[in-house]
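This briefing covers strand order, helix packing and aromatic pairing in one model. Please read it alongside the sequence and the coordinates.

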Amino acid sequence: MQRRNRLKIAAAGIAIECATFSPLPSDLSDFHVLRGDALRSRYPFADSYADVDFRPIMQAHAVPGGVLRRPVYDALKDEILEGLKAAGPWDGVYLDMHGAMAVEGLEDAEADFIAAVRDLVGQSCLISASYDLHGNLSGAIMDQLDIISAYRTAPHEDALETRARAFDLLMTCLRAGIRPVKAFIRIPLLLSGERAMTIVEPGKSVYAQIEDLIDGDNVLDASLLIGFTWADQARSQAAAVALGLDETAAWKAARQLAAAYWDARHDFDFGVPTGSTDDCIAMALASSASTVFLSDSGDNVTGGAAGDVPYVLERLLAHAVPSTLYAGLTDAAAVDACFLAGAGARLSLSLGGVLDPVHGQPLPVTGIVKTLRDSEDAGRQAILTVDAVDVIISERRLAFTTLAQFAALNLEPLDYRIVCLKLGYLFPDFQRIAPEAIMALSPGAINALPETLSFHKIRRPMFPFDPDFDWTP
């Protein structure tokens, strides 16, 4: 391995979660691309390493969606490879990934990307990657990576911590001149993220074991990836990984983590009450809580759905719900109509059902334009009040995951009786404030019960698709 006075480290990556069941292709417009100083600010921890010549190349991360268009993937990959080639050679490369990318014409997109990086930087360079725990690993990916570390929280609260850990593991191995042992175990288990949260049992206890497995020597790190459910690919399933200096210890740690997850498989549940959309609306109306957060899980944008299925909105209006916030619908044409009419105008229009016509038909409504907003980050948005429901309409597909998004629209969620979000589980901001949460098993591309979908490529047997079979790691 080539050594210098300062270790030369690159950072790059393509991070997107692609649902193969989503009808909406992912495109370049779905990505936020960072370069130069803007990318450097994503890795503040790198500044603490005095012996590092840190060179961020390019990182692109996107809102989850459908399968990524091949020309977009090729362009992003080529830019990263060109940057690595121009500034090399390298001691190490840190890849800032998600792990559930699907690309037109590729069976294993991350393996293709990481193999291309490996071919360029050579075998002597160490490659470390950070992954979302909803990433799907394969043998081809693990063959090319030297180091991998994944999130340990779902809902996610440790993204920066995981990036820092993957970088630190890279530095530790480079300084010591070692290439760690990798113990990788595929687990025939594929649960939706809504059924495998780490803030409730049994996920909480299973993930709590990770720290106990790491001794900083024989076992440097361990990760449990539950996988990404809505990708019909051969690599879609859970996995346990351990890295270390001692092969026996690393494999023991990986087997213990895999067994803990497998043994708890029957105990995983949604963590909140679930039911049909009508049943969940009835539960919300009967609740004594001041505000009920209702998830429209089938059209969950954070899982890759189109975000324009108006079915739950139609049912809310049919139930004549009181003060309700619906966040939201993707419908550029409806936003255009609201901006043309102006704030305070009363108008009739159709909402949604364009991007995902399979699961939703356009919903005719009449309402009053309450708010109009145009911003660089979210694009144009309108709030249309229909009966007692404030409907947020966005021209760009986006997920409402933070309170700041509502504050930008001068909205306080707790002012409403019901808050309907196109999510599965609630993200941390809402977890902290929700008096009560309910999840509707609504129609859409992101079915919270994936075993009801038509999978053709996943390995079988696979729990819960095949409920009764024996397996040991």
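In strand 6, Ile 148 is the bridge partner of Ala 129. The model is predicted, so local features need pLDDT of at least 70 and side-chain atom pairs count only at pLDDT 80 or more, while totals for chains, interfaces and linings use all residues. Residues are numbered from 1 along each chain as its sequence is written, and side-chain values use heavy atoms, with hydrogens and water left out. Helices (H or I, at least four residues) and strands (E, at least two) are DSSP runs numbered from the N terminus.

**Six-stranded sheet**

- Strand 5 (residues 126-131) and strand 6 run parallel and are joined by 4 bridges; two strands pair if DSSP finds at least two bridges between them.
- The open sheet to which they belong has 6 strands in the order 2-3-1-4-5-6, with mixed pairing.
- Its edge strands are strand 2 (31-35) and strand 6 (147-150), each of which pairs on one side only.
- From one strand to the next, the twist averages 15°.

- Helix 2 (residues 70-87) lies across strand 1 (7-15), strand 2, strand 3 (52-62) and strand 4 (92-96), and runs at about 175° to strand 3; axes are lines fitted to C-alpha atoms, for helices over the stretch in contact, and angles run from 0 to 180 degrees between N-to-C directions.
- Helix 3 (residues 109-121) packs on this sheet and touches strand 1, strand 4 and strand 5, where contact means heavy atoms within 4.5 Å.
- The direction of helix 3 makes about 155° with that of strand 5.

- Another open sheet has 3 strands in the order 7-9-8, with antiparallel pairing.
- Strand 7 (181-187) and strand 8 (219-225) are at the edges with a single partner strand each, so one side of each has no neighbour in the sheet.
- Neighbouring strands here are turned by 10° against each other on average, direction ignored.
- Strand 7 is joined to strand 9 (residues 238-244) by 7 bridges, and the two run antiparallel.
- Ile 185 has Ala 240 in strand 9 as its bridge partner.
- Helix 7 (residues 247-263) packs on the sheet, touching strand 7, strand 8 and strand 9, and its direction makes about 20° with that of strand 7.

**Helix pairs**

- Helix 6 (residues 203-213) packs against helix 7 at an angle of about 170°, with the axes 10 Å apart.
- Helix 6 is therefore roughly antiparallel to helix 7 (angles under 35 degrees count as roughly parallel, over 145 as roughly antiparallel, 65 to 115 as roughly perpendicular and the rest as oblique).
- Residues in this contact include Val 206 and Ile 210 of helix 6, and Ala 253 and Leu 257 of helix 7.
- The axes of helix 8 (residues 277-286) and helix 9 (residues 311-318) come within 10 Å and cross at roughly 50°, and the two helices are therefore oblique to each other.
- Thr 277, Asp 278 and Ile 281 of helix 8 meet Tyr 311, Val 312, Arg 315 and Leu 316 of helix 9.

**Aromatic pairs**

- The structure holds 17 aromatic pairs (rings of Phe, Tyr and Trp, the last by its six-membered ring, with centres within 6.5 Å; planes under 30 degrees apart count as stacked, over 60 as edge-to-face and the rest as tilted).
- One of them is the edge-to-face pair of Tyr 43 and Tyr 94, at 5.6 Å centre to centre and 90° between the planes.
- Tyr 43 is in the loop between helix 1 (36-40) and strand 3, and Tyr 94 is in strand 4, so the pair links distant parts of the chain, 51 residues apart.
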